[in-house]
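Below is a short briefing on one protein model.

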Amino acid sequence: MILDQPLKKLFASKPGKDSNAKSMLKSISWRIVGTLDTIIISYFVTDQIVMALSIGSVEVFSKIILYYFHERAWESVSKVESNDTKKEYA
């Protein structure tokens, strides 16, 4: 496949870490699930589909941004390797 190698480079930065592009795609896919959930709950609460769609459309953009930064913060936390743990307690 022609795009195989460029796509691999786009989605993999360092071993064990997600790339920025992968984090963004994960953010968007999670937001789709979250927005559908918000719309459904809003509909049950308000019993108005227009209001439910309005609520869902307002929160979708802010939550994508918040999740992206949340994901990047967790990626920046250093990971303890299993060998380091054994050395510490040995």
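Ile55 is in contact with Thr38 and Ser42, where contact means heavy atoms within 4.5 Å, and its neighbours within four places in sequence are left aside. Ile55 is found in helix H3; helices (H or I, at least four residues) and strands (E, at least two) are DSSP runs, numbered from the N terminus. The model is predicted, so local features need pLDDT of at least 70 and side-chain atom pairs count only at pLDDT 80 or more, while totals for chains, interfaces and linings use all residues. Residues are numbered from 1 along each chain as its sequence is written, and side-chain values use heavy atoms, with hydrogens and water left out.

- Ile55 counts as partly exposed because its relative accessibility is 34%; buried means under 20% relative accessible area, exposed over 50%, and partly exposed in between (1.4 Å probe, protein chains only).
- Ile55 and Tyr43 are 12 residues apart in sequence, and their C-alpha atoms are 9.5 Å apart in space.
- Between Tyr43 and Gly56, which are 13 residues apart along the chain, the C-alpha separation is 10.0 Å.

**Whole protein**

- The protein has 4 helices and 0 strands, and from the N terminus on its elements run α-α-α-α.
- Of the 90 residues in the protein, 20% are buried.
- Contacts between residues at least 6 apart in sequence join residues at least 24 apart in 56% of cases.
- The accessible surface comes to about 7300 Å², and 69% of this belongs to carbon and sulfur atoms; accessible areas come from the Shrake-Rupley method with a 1.4 Å probe, and for residues only the protein chains shown count as cover.

- H2 spans residues 20–46, which makes 27 residues.
- From its first C-alpha to its last, H2 reaches 37 Å, close to the 39 Å expected at 1.5 Å a residue; the expected span is 1.5 Å times one less than the number of residues.
- The buried residues of H2 are Ser23, Ser27, Arg31, Gly34, Thr35, Thr38, Ile39 and Ser42.
- An α-helix has 3.6 residues a turn, so residues three or four places apart point the same way.
- Helix H3 (49–76) is included in what covers the buried residues of H2.
- Thr35, found in helix H2, counts as buried because its relative accessible area is 11%.
- Leaving aside neighbours within four places in sequence, Thr35 is in contact with Gly56, Glu59 and Val60.

**The loop after H2**

- Asp47 follows H2 and lies in the loop between H2 and H3.
- The phi of Asp47 is near 60°, a positive value in a residue other than glycine.
- Asp47 counts as exposed because its relative accessibility is 58%.

**Aromatic pairs**

- A search of the whole structure finds 2 aromatic pairs; rings of Phe, Tyr and Trp (its six-membered ring) pair if their centres lie within 6.5 Å, with planes under 30 degrees apart counted as stacked, over 60 as edge-to-face and the rest as tilted.
- Tyr43 and Phe44 form a tilted pair, 6.2 Å centre to centre with 50° between the planes.
- Tyr68 and Phe69 form an edge-to-face pair, 5.4 Å centre to centre with 75° between the planes.
- Tyr43 is partly exposed because its relative accessibility is 33%, whereas Phe44, at 65%, counts as exposed.
- Tyr68 is buried because its relative accessibility is 18%, whereas Phe69, at 56%, counts as exposed.
- Tyr43 lies in helix H2 and, leaving aside neighbours within four places in sequence, is in contact with Gln48, Ile49 and Ala52.

**Nonpolar surface patch**

- Ile40, Tyr43, Phe44, Ile49, Val50 and Leu53 make a nonpolar surface patch of about 630 Å².
- Patches are made of residues with over 30% relative accessible area and no salt bridge, with like charges joined within 9 Å and nonpolar side chains (Val, Leu, Ile, Met, Phe, Trp, Tyr) within 5 Å; a salt bridge is a side-chain nitrogen of Lys or Arg within 4 Å of a carboxyl oxygen of Asp or Glu.
- H2 and H3 are the elements that give two or more residues to the nonpolar patch.
- Val50, one of the patch residues, is found in helix H3 and counts as exposed because its relative accessibility is 62%.
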